[in-house]
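This text walks through one protein chain, from its overall make-up to single residues. Please keep the sequence and the 3D view at hand while reading.

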Amino acid sequence: MVGLPYDFLVNPLGAVRSTFEKAISSGSNPASFDGKDWGALEPFRHFLFDQNGLSKVPILNASSVRCVQPNTLVRFRGMIQDMLGNEFYVGAYKDGTTWKTTKYTDSSQCPTGVSPDMRIWERRLLYCVPVPGQNSWTESSSLGEINHSAEGTSETRQKRCRLDENAVDHMDLHAPSDELQNSSSTKKLKDEQLSLGLPSQNISTAATSSLSTLCAERDFLPCLVKVYDTVESELKLNDVFEFIGVITLGTEQKAEKDDHDEFSDGLSEDLSVQFPPDMVPRLHCVIHRKLAVHDFLRSSHVLEPTTHRIKEIRATLLNHLTVTLGNDGLAAHFLLLHLLSKVHARVDSMAVGKLSLNLTGFNRESMSIFGNQLRLTVKSLLPFTEYIPLTVEYLNTASLAPKKDYEINRLVPGVLQLAEGTHLMIDETQLEVGTLSSLGVENARLLKNLMELQKVEYDFKYYKMDMATDVQLLILSEGKSNILPADLVVPFQPSSVGSSAITDMDALEAWGWYLSNVRSLPHSIGSEMQQVVENDLVAVKQADRSLGSQDLSRLLTIGRLVSASYGETSLSLEHWQMVKELERLRRERLT
């Protein structure tokens, strides 16, 4: 069997050019490739997924970026923090009598000027960052097959790969993102921009001193992803994706600066101001796929989802949470249900399925023991976790909501711009009496809306836009939180101090699999059980007239979560009785 004329890892552009030449030789007109694939993607899909080539592709992060070679195949896992619109580029041109393509590259070697023998195509620009709150254990230890002898390797890059970690360049932490918008514009405007060699949505070249804040965290690497031939609805702000494509780096771009045509000249100048190429690598995406929480687990091994096995995992996890919480079994039960919660539907303004939890009875001393243990436990179980030590000063100074900055035509990200499935722990034990400024009041409102509606309000100065999210919120406080009214308030009553250290890695992997999978199980209530539930809810309402529809909805949510925690998809009488007992014990503690 004759080998392929190109190596997908070392020379992915060879595959692009080869398939392009094959398409042209078969009689295809380059004009038919506008916004379409000419057959380049199928060989990549075959290599990546049918031949298990994906595991060989290096993961691009702050460590590997010093070693990867330009124009090789890499994959970047991150959240879309900014959608920059579309840009024009010379995608194909005629060199004499031969058609050539510059797709999936930054520079083009085509002749200057506009001619009939030139195809102008579009690609989308996405500013992506590592998922906020992503825990270090989620990162793969394998960097794939990084080939240091690849064509184009420079002595400078080889030296970079040998640099000590202390010499790693700091990254831009506060990289803002653009507002969601329709990338289409009038034909006249596009024609004018084409004639000037500008991107279809001009990126501001204003001074960006506010964007030059350097990140001291070595594990932070943003990436400017260029996406081709993709329906706009497939990619949304704050979604998490794995982008597989061709990487270009700052050193190589500088070396080729003189070779850029009029289109890439204007674009390169604009992008280099806000996204310095030596700090923000460019990735020309060939294939992308949306990721979920389970894609970041420690092991890809799929456990047998039998009810017996799920019950075993539940028991060991519940025991560990009980030890972590000082042998408080009731708090551990509600914590487990909280960790399994997710928004599975929206009815009007209500996010159905959420279960925010407020553990009361914490003070600074107990927070230093049980609070820290709980925080470490949650970090070890969930891929994305964030922590806010809430104080008056924090509320008065923090930037929680993303805000549009029209001077640079970008959206400055806020603390609450989080990916779906993120767990947010808020520590109120540091909160003291003080006066909230207007910003503090606004931040308190934003947190409350996140908790009650699972929405974050984005500020576009002239208008505001609510963005739906799905974030688990856990509040640790001394008394019931006045700022954040949680779905459940459970007084924390520890009786001992135990070790929450996890030594069984198999159990840890099983717990992670359990939390990410059973929370997505479907749920139903049979007709007989539905009548039982309705009668019980009527009785509960009659016993306490202060209960509203949200309180009754909360009981149904707990019923769903209890069933899911045992791996079951329908509510049984046994589990409904458990729901009522847990609620009875909780209300006893509140009195």
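How many helices and strands does the secondary structure of the protein chain come to? The chain has 15 helices and 19 strands, where helices (H or I, at least four residues) and strands (E, at least two) are DSSP runs numbered from the N terminus. The model is a predicted one, in which local features need pLDDT of at least 70 and side-chain atom pairs count only at pLDDT 80 or more, while totals for chains, interfaces and linings use all residues. Residues are numbered from 1 along each chain as its sequence is written, and side-chain values use heavy atoms, with hydrogens and water left out.

Of the 591 residues in the protein chain, 52% count as buried. Buried means under 20% relative accessible area, exposed means over 50%, and partly exposed lies in between (1.4 Å probe, protein chains only). A contact means heavy atoms within 4.5 Å. Among contacts in the protein chain with a separation of 6 or more, 81% are accounted for by residues 24 or more positions apart.

The interior comes next. A nonpolar core is a set of buried Ala, Val, Leu, Ile, Met, Phe, Trp, Tyr and Cys residues joined through side-chain atoms within 4.5 Å. The largest such core has 52 residues, and those with the most contacts inside it are Phe334, Leu359, Leu374, Leu381, Tyr514 and Leu515. Helix α8 (residues 329–340) gives this core its largest share, nine residues. Apart from this core lies another one of 49 residues, including Leu60, Ile388, Met451 and Val456.

Phe334 touches several residues beyond its neighbours within four places in sequence, among them Leu357, Leu488, Val490 and Ile558.

Two packed helices are described by the angle between their axes and the distance between the axes. Axes are lines fitted to C-alpha atoms, for helices over the stretch in contact, with angles from 0 to 180 degrees between N-to-C directions. The axes of helix α7 (residues 307–324) and α8 come within 8 Å and cross at roughly 120°. The two helices are therefore oblique to each other; angles under 35 degrees count as roughly parallel, over 145 as roughly antiparallel, 65 to 115 as roughly perpendicular and the rest as oblique. On the α7 side the contact involves residues including Arg314 and Leu317, and on the α8 side residues including Gly329 and Ala332.

Helix α15 (residues 573–590) also packs against α8: their axes come within 11 Å and cross at roughly 120°. That makes α8 oblique to α15 as well. Phe334 is one of the α8 residues in this contact, and Leu582 is one of those from α15.

Two single residues complete the tour. Is Leu476 buried or exposed? Leu476, found in strand β18 (residues 471–476), is buried, with a relative accessible area of 0%. Its contacts outside four places in sequence include Leu359 and Leu374.

Ile525 is placed in the loop between α12 (505–517) and α13 (527–543). At 32% relative accessibility, Ile525 counts as partly exposed. Not counting residues up to four places away in sequence, Ile525 touches Gln530 and Leu571. The C-alpha atoms of Ile525 and Leu571 are separated by 5.4 Å, although these residues are 46 apart along the chain.
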